[in-house]
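Subject: Structure handover

Hello,

Here is the structure for you to take over. My notes on what turned up follow below it.

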Amino acid sequence: MIEAYGLTKRYGAKTAVYNLSFQVRPGAVTGFLGPNGSGKSTTMRMILGLDTPSAGQVTIGGHSFRRLPNAPRQVGALLDAKAVHGGRNARTHLLSLAQLSGIPARRVDEVLDVVGLREVANRRFKGFSLGMGQRLGIAAALLGDPQVLLFDEPVNGLDPEGILWVRNLMKRLASEGRTVFVSSHLMSEMAQTADHLIVIGRGQLMADTSVTEFIAQNSVGFARVRTPDHEPQQREKLTAAVHESGGQAQPEEDGALRVTGLGLPQISDLAHAAGVRLWELSPHSASLEEAYMRMTHTSVDYRSTADARSGLQQPAPAMQGAPVMQGVPVQPGWGAPPAPQPHAMPVPGQQGWQAPPPAGAPAMPPPPAQPAAAPQYEGEDAR
């Protein structure tokens, strides 16, 4: 179990993490979410003893990381998959880590098999792709068969097969009773992987709850209702009935209605009483991404804006009455460029034709250029 109490970290005048308290329990995948710059990486570094808290403390199994006996055998972590010497191959890298922690050398090949890198074990790391580097980092985290595992963006750079593999790996590790703490920006993946969520913003705790409760508390469900498109009066009747019953009905771009404040059975009863036929009546539950954006939109440090392009796409003014060719005004007196003419090749029997050399014969030099004929003037005899 990981336990943080009043965890605070300051870098000069900047406070990266402030008074953060939470628990990461074994037997479940705990997702660690937050916008960029919210303090997730700093928190993980303090858990692993890489950064010293300015205040508070964080323990693993009741001990700080630096006081854990043979910590690599109890805690595995992937924080930066690029933290590998580029000249080492995968097996040498893992073997050096194993020797430093007293782990048997046979374990290296075992984790290489787990992450699917056995066939490239002798390739140097500098030739690895981003996804291969992630797999090697996961192998290093699994090397000591630890009970506590921390992963920072473990699916970064992986293809769909690799993402599915990581998802199943996290679930399997948690099912074995291990403590699994995963930081990620992929909300759709966290929705399928995590059982519990810890959400922070600007270094402070915003939520510590299950995925289901988080979505329910930070989203508004609605019903999607569609009436016959060719009978707009039926949609108007249903809208009026919904408003009279205390609900809200807003039109969608495709002509459907978004109804809030009423359950599906009540909407169905209202439509039946008003004589309105329904083509669609379906519930809509917010996704984890929608709930996350709703909670953290005020904690985002970097916001994008629409590209105004500063008028770069404004067309050049064309002259009144001037013809336009491919978007460019043609000025008076201009002439369209002549169309390229195909090069006429001489054929046998015509002047200038020359038979090709036989196969294997050296290429003949081109004939010397003939001098241009003198111009003929009217009244002048040819001499």
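Buried means under 20% relative accessible area, exposed over 50%, and partly exposed in between, with a 1.4 Å probe and protein chains only. This is a predicted model: local features need pLDDT of at least 70, side-chain atom pairs count only at pLDDT 80 or more, and totals for chains, interfaces and linings use all residues. Residues are numbered from 1 along each chain as its sequence is written, and side-chain values use heavy atoms, with hydrogens and water left out.

Single residues

Ser38 counts as buried, at 2% relative accessibility. The loop that holds Ser38 runs between strand 3 and helix 1 (40–47); helices (H or I, at least four residues) and strands (E, at least two) are DSSP runs, numbered from the N terminus. The Ser38 side chain reaches the backbone oxygen of Pro35 at 2.7 Å. Contact means heavy atoms within 4.5 Å. Neighbours within four places in sequence aside, Ser38 is in contact with Ala16, Ile200, Gly201, Arg202 and Gly203.

Thr30 sits in strand 3 (residues 28–33). Thr30 is buried too, with 3% relative accessibility. Leaving out neighbours within four places in sequence, Thr30 is in contact with Val24, Val180, Phe181, Val182, His196 and Ile198. Thr193 is 163 residues from Thr30 along the chain, yet their C-alpha atoms are separated by 8.7 Å.

Glu231 belongs to the loop between strand 10 (222–226) and helix 8 (232–244). Its relative accessible area is 18%, so Glu231 is buried. A polar contact of 2.9 Å links the side chains of Glu231 and Arg277. (A polar contact is a pair of N or O atoms within 3.5 Å; within protein, one must be able to donate a hydrogen and the other to accept it, and residues adjacent in sequence count only if both atoms are side-chain atoms.)

Helix 2

Helix 2 (residues 90–101) has twelve residues. From first C-alpha to last, helix 2 reaches 17 Å, close to the 16 Å expected at 1.5 Å a residue; the expected span is 1.5 Å times one less than the number of residues. At the start of helix 2, a side-chain oxygen of Asn89 comes to within 3.2 Å of the backbone nitrogen of Arg91. Just after helix 2, Gly102 has a positive phi of about 70 degrees. The buried residues of helix 2 are Ala90, His93, Leu94, Ser96, Ala98 and Ser101. Their cover includes helix 3 (106–115) and helix 4 (130–142).

Pocket and cavity

Both come from a 1 Å grid over the protein atoms alone: a cavity is a set of points where a 1.4 Å probe fits but cannot get out, a pocket is an open set with protein on both sides within 12 Å along at least five of seven lines, and lining residues have an atom within 4 Å of a point. The largest pocket holds about 580 Å³. Its lining has 24 residues, with Ala77, Leu78, Leu97, Ala140 and Ala141 nearest the centre. Strand 5 (75–78), helix 2 and helix 4 each supply at least two lining residues.

The count is one cavity of 30 Å³ or more. About 80 Å³ lies in the largest cavity; a volume is the space filled by probe spheres set on the points, which are joined across faces, edges and corners. Helix 5 (160–175) and helix 6 (187–193) give two or more residues to the lining of the largest cavity. Thr193 is one of the lining residues, as are Val182 and Met170.

Best wishes
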